[in-house]
Amino acid sequence: MMPVDTCFTNSYNKKEMSEKNKGKKRIVCIGAGASGLFFALNCADAENEVILLDSNAKVGRKMYISGKGRCNITNDCEVKEFIGNIVRNPRFLYSAINNFKPADTIAFFNEHGCPLKTERGNRVFPVSDHASDIIDCLFFACRKAGVKIEFEKTVKEIRKEKEGFLVSCADRDYHADAVVIATGGRSYPSTGSTGDGYRFAESLGHHIVDLKSALCPIRVKEFIPRECLRMTLKNVSLSAHNASFKKTLFGDLEFLPGALSGPIALSMSSLINRLEDLSVEVDLKPGLDEEKLDKRLLREIEVAPNKDVYHLLGTLLPREFCSFFIEQTKTDTSIKLNSFTKAMRSKLLHDLKHFPFTFDGLEDIDKGIVTSGGVDVKEVDPRTMESKLCKGVYFIGEVLDVDAFTGGFNMQIALSTGHACAMALKKEDHD
Ligand SMILES: Cc1cc2nc3c(=O)[nH]c(=O)nc-3n(C[C@H](O)[C@H](O)[C@H](O)COP(=O)(O)OP(=O)(O)OC[C@H]3O[C@@H](n4cnc5c(N)ncnc54)[C@H](O)[C@@H]3O)c2cc1C
């Protein structure tokens with residue numbers, strides 16, 4: 001039979017630990033990512049023994065690759081603006097964000113020896129530009145609070161017992177008075193977020209809202225030539241629409257083989273991941289309305305009447321993009337600008353304002369920065385993160401059906417929901 005533990009880590013003496021924890025409420029948190037670590041360090045105290053289990057050999061694997069290795073830990077904005085950047089279930093998150101705001105995150109890291117800095121778009125990063133400093137800060141704060149972290153412990157099952165729960169790993173079971181599910185989403189599974197939390201939730205009676213990729217590239221049917229890959233079209237607008245939806249986003253667009261990427265494509269993906277029959281187009285000159293763009297074309301033609309359309313396009317678009325544009329729009333390049341008719345100018349103008357792509361779905365969920373969908377928030381108390389269906393079970397972070405745009409919002413959601421859960425469990429001790 002498998003041993004039922006009295007939990008200990010390499011650095012703890014088993015007997016000492018069990019003495020020390022006598023009479024404490026035992027809380028097992030599954031997942032030592034952003035939400036699990038922040039929950040644990042805020043919850044462990046004289047009344048709560050917190051055991052943090054993770055399948056990895058290190059904590060915060062996804063945080064390590066976040067923000068291109070710099071970890072954009074939050075967005076330094078007011079709650080109202082923050083809520084406006086949440087795509088799914090912003091109202092559910094209001095209480096958690098309001099009770100632990102971006103300003104609280106900044107204060108926490110500054111006070112715990114990891115100074116932060118704010119960059120463009122209120123994005124907050126560690127001054128060192130190393131995500132590892134954020135992780136170390138959380139890890140040492142957990143150690144200081146007395147959290148027991150057990151590595152390489154993949155939870156297989158959570159079972160409700162007569163009293164409390166049994167959390168089972170391959171080599172050991174853990175009794176728990178309360179269980180916190182902080183297993184993250186389903187994207188980038190190599191970081192450990194393989195979607196196990198959804199299975200646990202379902203086994204406890206929860207409903208999982210369909211999982212979709214979010215903050216991911218948008219696949220298109222057009223062949224993107226080599227010279228366009230990794231090029232940025234700056235300050236363009238991307239529109240997506242179908243019979244009941246229309247959205248336009250302004251900013252930078254990048255190209256991948258067979259896909260649109262860059263900030264506006266990633267944000268758009270989060271808005272369209274439950275829609276079908278979409279048309280996608282780019283306005284390459286959103287700063288100029290049709291009248292102004294026509295005047296601009298006339299001016300350029302007047303200045304260089306003996307040049308061709310390549311030259312004209314080169315005054316308006318990045319050079320690397322011109323051949324692709326010409327090919328896609330079937331623009332006649334044999335004609336000199338001095339022979340350009342009004343009809344030709346109108347076509348060019350239309351193509352610049354409505355450069356089309358054929359929508360071919362979104363990249364796989366594995367490649368999304370976050371997962372859309374998850375544990376249905378209708379079944380979770382927004383103040384405490386406790387399950388409404390199974391008392392003593394809590395959900396925090398990306399496992400919930402919440403997601404936001406890029407800019408540090410998703411990390412802050414993980415921290416704020418972890419904090420709300422910790423405060424609720426601590427409050428219970430005093431009620
Ligand atoms: C490439 C990339 C870049 C990103 N950059 C940013 C950024 O700069 N800013 C931002 O705000 N957001 C960013 N995000 C999103 C952000 O990282 C996540 O939203 C956030 O980490 C979610 O935290 P979490 O605690 O819910 O889950 P995670 O951080 O994914 O942690 C879940 C943990 O649970 C563990 N686990 C899962 N199943 C089990 C099991 N059965 N047993 C034991 N352990 C288990 C996993 O090993 C993992 O450690 C990025 C995401 C990616 C993929």
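What follows is a chat about this structure, going from the overall picture to single residues.

Q: What kind of model is this, and how are the residues numbered?
A: It's a predicted model, where local features need pLDDT of at least 70, side-chain atom pairs count only at pLDDT 80 or more, and totals for chains, interfaces and linings use all residues. Residues are numbered from 1 along each chain as its sequence is written.

Q: What's the mean pLDDT?
A: The mean is 94, and 94% of the residues reach 70 or more; pLDDT is the predictor's confidence in each residue, from 0 to 100. Over residues 1-14, though, the pLDDT is below 50. That stretch has 22 contacts in the model beyond near neighbours in sequence, a contact being two residues whose C-beta atoms, placed from the backbone, lie within 7 Å.

Q: And the overall build: how many helices and strands?
A: 14 helices and 22 strands. Both are DSSP runs numbered from the N terminus: helices are H or I with at least four residues, strands are E with at least two. The C-alpha trace spans about 90 × 40 × 35 Å along its principal axes.

Q: How much of the protein is buried?
A: 42% of the 431 residues count as buried. Buried means 20 or more other C-beta atoms within 10 Å of the residue's own, exposed means 12 or fewer, and partly exposed is in between, with C-beta atoms placed from the backbone. As for contacts with a separation of 6 or more, 74% of them come from residues 24 or more positions apart.

Q: What about helix α9, is that enclosed or open?
A: Helix α9 (residues 263-272) is largely enclosed by the rest of the structure, because 9 of its 10 residues are buried. Among them are P263, L266, M268 and I272.

Q: Switching to the ligand: how many residues surround it?
A: 40, and the closest are G31, G33, G184, G192 and G397. A residue counts as near if its C-beta atom, placed from the backbone, lies within 6 Å.

Q: Which helices supply that shell, and how does it divide by residue type?
A: α2 (34-43), α3 (61-65) and α14 (409-430) each supply at least two residues of the shell. By type, the shell has 15 nonpolar, 19 polar and 6 charged residues. Here Ala, Val, Leu, Ile, Met, Phe, Trp, Tyr, Cys and Pro count as nonpolar, Asp, Glu, Lys and Arg as charged, and the others, Gly among them, as polar.

Q: How many bridges join β8 to β9?
A: 5, with β9 covering residues 165-169. V155 has C169 in β9 as its bridge partner.

Q: What does β6 pair with?
A: β6 (residues 123-126) runs antiparallel to β3 (residues 74-75), with 2 bridges between them, and T74 is the bridge partner of V124. β6 also runs antiparallel to β5 (residues 116-119), joined by 4 bridges, where E119 partners R123. The hairpin of β5 and β6 has 3 residues between the strands, and G121 in it takes a positive phi near 70°.

Q: Last one: what does L389 touch?
A: Leaving out residues up to four places away in sequence, L389 touches L204, G205, H206 and E379. The C-alpha atoms of L389 and E379 are separated by 6.6 Å.

Terms used
Two strands pair if DSSP finds at least two bridges between them.
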